[in-house]
Amino acid sequence: MSDQIINYINKTPKAELHLHIEGSLEPELMFKLSKRNKVEIPFKSVEEIKSAYNFTNLDSFLKIYYEGSKVLIHEEDFFDLTWEYILRCKEDNIVHTEIFFDPQSHLVRGISFDKIINGIDKALRKAEKEFNISSKIIMCFLRHLDEDSCFEVLKEACKYKDKIIGVGLDSSEKGNPPTKFKSLFEKAMEEGFLTVAHAGEEGPPEYIWDSINLLKVKRIDHGVQCLRDEKLVNRLKKDQIPLTVCPLSNVKLCVFEKLENHNLKQMLDKGLRAMVNSDDPAYFGGYLNKNLIDTANALNLELNHVKILIKNSFKSSFLDEKTKNEWLKKIN
Ligand code: ADE
Ligand code: ZN
């Protein structure tokens, strides 16, 4: 791949729209927090943590991901976690980020909602002030849990409408279809939250259809299974529904055997509004620029493909139109 493309990726301002803050917990910080908070983790060293990151599918990853999250106890921990991610944003020239958090995985351990949201929010405010990095927060519902638990956490989120812009749906996809959350998302929208959902990561195209039609999502997270359904591709293209694709994640979770087999280039060639994101970078081997560079390399992307991916990230963001256009102009 040409140095021109690598330089372009490194130097161009970018937005990231699919990042689980708990998935940015690096083994070093996990180990440090386990000691600081006296929380036992099933690993004796940072090396041992790293060598456990061999996943066979989404569920095999989620088991370790929820286990790792247990070291997060105090507001300060959520601050440190978020600040470490912000430093990576600065390194990768990410100027706008929209981050997911999974409150239900912390509430069950007795951590209060305000500690989680305030820790994250304080780090994001500092990022804005010190680095001019803008951000939005999206609260995800864990789809393996029942609707009652999700309604409870939605009630909490309603107290923080000034900090949380939208709600999403993550965790174990297969067997937990969007239909299960129709009334929850209706209520969330009534309360003024924007909606997104993980769909078609491992699950069938039908889950993407239902996310669009029932959950009224503004973006589909992943969506890589859409190419199995031509009618769906036409709909995604016609309405330019954003697909927040995460290539390194897809390979780590065995959605594609290798990066060379990823369908991102096909998505772009079909006129879909896809862009690249890092998902859970501490677990999947790379932040945004590595995702872009490795993918461009594996799929022989041209500079124009990369430009489209980066532009799509701003176009699909929840920034106001004026700010979006300012970034798009700068990129052009
Ligand atoms: N939670 C964290 N990462 C996830 C992913 N890739 N899919 C679904 N849920 C998640
Ligand atoms: Zn995700």
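Visitor: What should I know about the model and its numbering?

Guide: This is a predicted model, in which local features need pLDDT of at least 70 and side-chain atom pairs count only at pLDDT 80 or more, while totals for chains, interfaces and linings use all residues. Residues are numbered from 1 along each chain as its sequence is written, chains are lettered from A and ligands numbered from 1 in the order in which they are written, and side-chain values use heavy atoms, leaving out hydrogens and water.

Visitor: In what order do the strands form the open sheet?

Guide: Strands (E, at least two residues) and helices (H or I, at least four) are DSSP runs numbered from the N terminus, and two strands pair if DSSP finds at least two bridges between them. Here 8 strands make an open sheet, with parallel pairing, in the order β1-β2-β3-β4-β5-β6-β7-β8. From one strand to the next the twist averages 25°.

Visitor: Which helix packs on the sheet, touching β1 and β2?

Guide: Contact means heavy atoms within 4.5 Å; axes are lines fitted to C-alpha atoms, for helices over the stretch in contact, and angles run from 0 to 180 degrees between N-to-C directions. Helix α5 (residues 75-92) touches β1 and β2 (94-101), and its direction makes about 150° with that of β2.

Visitor: Is β1 mostly covered or exposed?

Guide: A residue is buried under 20% relative accessible area, exposed over 50% and partly exposed in between (1.4 Å probe, protein chains only). In β1, 7 of its 7 residues are buried, and the strand is mostly covered.

Visitor: Why is helix α15 described as largely enclosed?

Guide: Helix α15 (residues 288-298) is largely enclosed by the rest of the structure because 8 of its 11 residues are buried. Among them are L288, L292, I293 and A296. After α15 comes N300, with a positive phi near 50°.

Visitor: Which residues surround ligand 1?

Guide: A residue is near a molecule if one of its heavy atoms lies within 4 Å of it. The residues around ligand 1 include H20, F61, Y65, D170, S171, H198, E201 and D280. A polar contact is a pair of N or O atoms within 3.5 Å. A nitrogen atom of ligand 1 lies 2.7 Å from a side-chain N or O atom of D280, one lies 2.8 Å from a polar backbone atom of S171, and one lies 3.4 Å from a polar side-chain atom of H20. The protein covers 100% of the 260 Å² of accessible area that ligand 1 has on its own, with areas from the Shrake-Rupley method and a 1.4 Å probe.

Visitor: What does F131 touch?

Guide: F131 lies in helix α7 (residues 113-131) and counts as partly exposed at 24% relative accessibility. Leaving aside residues up to four places away in sequence, F131 touches W83, I86, L87, K90 and K126. The C-alpha atoms of F131 and K90 are separated by 7.4 Å, although these residues are 41 residues apart along the chain.

Technical notes: Polar contact = N/O pair within 3.5 Å; in protein donor to acceptor, adjacent residues only side chain to side chain.
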